[in-house]
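Here is a short report on a sheet and a disulfide. Please keep the model in view while reading.

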Amino acid sequence: QVQLVESGGGLVQPGGSLRLSCAASGSIRSIGTMAWYRQAPGKQRELVARLISSGSTNYADSVKGRFTISRDSTNNTLYLQMNILKPEDTAVYYCNGELQSGSGLRRYYWGQGTKVTVSS
């Protein structure tokens, strides 16, 4: 079955960098919009960055200029390069993607999340 699996989270000091990955696996016919969300403790899940199939991107104001979303179509992997990390970036990061499976069904999928902690 189709699934999204994130990796790359961890503990990093303020000002540091991390790169998150989200691998799509299974019988996939096509991939549409992909995005990263995050949820900090006690807060609602929020959109961090979105990559539309046309190639255009959207970012939350809080991460503009620091985070970059990209995708490698050869291996169906979505990335989030995070630079100049701040303590307020601490959250569980989730990958979300619009995927069409081999059966033709198109729907949105969520990954299981990867935890990012920014602390000295």
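## Sheet and disulfide

Strands β3 (residues 18-25) and β8 (residues 77-82) run antiparallel and are joined by 6 bridges. Strands here are DSSP runs (E, at least two residues), numbered from the N terminus. Two strands pair if DSSP finds at least two bridges between them.

This is a predicted model: local features need pLDDT of at least 70, side-chain atom pairs count only at pLDDT 80 or more, and totals for chains, interfaces and linings use all residues. Residues are numbered from 1 along each chain as its sequence is written, and side-chain values use heavy atoms, with hydrogens and water left out.

On its other pairing, β3 meets β1 (residues 3-7) in the antiparallel sense over 5 bridges. One bridge pair from each pairing is listed below.

| Residue | Bridge partner | Strand of the partner |
|---|---|---|
| L4 | A24 | β3 |
| R19 | Q81 | β8 |

The open sheet has 4 strands, in the order β1-β3-β8-β7, with antiparallel pairing. β1 and β7 (67-72) are at the edges; each has a single partner strand, so one side of each lacks a neighbour in the sheet.

Side chains alternate along β1.

The structure holds 1 disulfide (a pair of cysteine sulfur atoms within 2.5 Å). C22 and C95 form this bond, with sulfur atoms 2.1 Å apart. C22 lies in β3 and C95 in β9 (residues 91-101), 73 residues apart. C22 is buried at 0% relative accessibility, and C95 is buried with a relative accessible area of 0%.

How values were computed
Buried < 20%, exposed > 50% of the residue type's maximum accessible area, 1.4 Å probe, protein only.
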